[in-house]
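Good morning, and thank you for coming.

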Amino acid sequence: MTDDVFRDVFSQAVRARNAAGMTYSQMEARTWDVGGKEESRSAGWWNNMANYHMDTPPAPKYIPGIAEVLNMSERQVKELIAEQWYGVRPDDRLPRRLRTLVATARRVARVDLVLLNDVARALGDKHSAEAEVEELKEASVAAQQDI
């Protein structure tokens, strides 16, 4: 998975918190305060999350401490994780049948999006033409039966 596939909203939130004055060591200490040793995240982990694309999202047990560090609700942290690692947003209104297509389109280079759009439009036009032919056939059959 590349940075082009999904937005790095979780990483952006970590960078924003760091830019606001909280060091990665302070982030580690805050998660330690919330979850103890077993549920804390190290300064190195926070640095990696802020500065590199990580393939693995944080496990659910770390969410309370992360929420405390980022100064947001656990739900908001889960939404950031869902968007960054899984490409899902709470406001998505995309029909389930189109989600795979959109996930594929997200991996296409920007210059090729025009071509992808043209192919999709051509397929849509083909479907519309086929539907119109079927309607004309049905109308013709009905007209012949009336004779």
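Arg75 and Glu79 both belong to helix 5, where four residues, about one turn of the helix, separate them. Please bear in mind that this is a predicted model. The two side chains form a salt bridge, and their closest N and O atoms are 2.9 Å apart. Are these two partners buried or exposed? Arg75 counts as exposed, at 60% relative accessibility, while Glu79 is partly exposed, with a relative accessible area of 25%.

How many salt bridges does the structure hold? The count is eight, and I shall discuss some of them.

Let me remain with helix 5, which spans residues 74-86 and also contains Glu83. The side chain of Glu83 meets that of Arg7 in a salt bridge, with an N to O distance of 3.0 Å.

Arg7 is partly exposed, and its relative accessible area is 46%. The pair also belongs to a network of salt bridges that links Arg7, Glu83 and Arg89.

I turn now to a salt bridge between two helices. Glu68 pairs with Arg30, and the closest N and O atoms of the two lie 3.8 Å apart. Glu68 is in helix 4, residues 63-70, and Arg30 is in helix 2, residues 24-35, so this contact ties together parts that are 38 residues apart in sequence. Where do the two stand in accessibility? Glu68 is partly exposed at 39%, and Arg30 is likewise partly exposed, at 28%.

Finally, I would draw your attention to a residue in another part of the chain. Ala120 is found in helix 7, which runs over residues 110-146. Its relative accessible area is 43%, and Ala120 is thus partly exposed. Between Ala120 and Asp91 there is a C-alpha to C-alpha distance of 24 Å in space, and the two are 29 residues apart in sequence.

That concludes my presentation. Thank you for your attention.

Definitions and conventions:
Residues are numbered from 1 along each chain as its sequence is written. This is a predicted model: local features need pLDDT of at least 70, side-chain atom pairs count only at pLDDT 80 or more; totals for chains, interfaces and linings use all residues. Side-chain values use heavy atoms; hydrogens and water are left out. A salt bridge is a side-chain nitrogen of Lys or Arg within 4 Å of a carboxyl oxygen of Asp or Glu. Buried means under 20% relative accessible area, exposed over 50%, partly exposed in between (1.4 Å probe, protein chains only).
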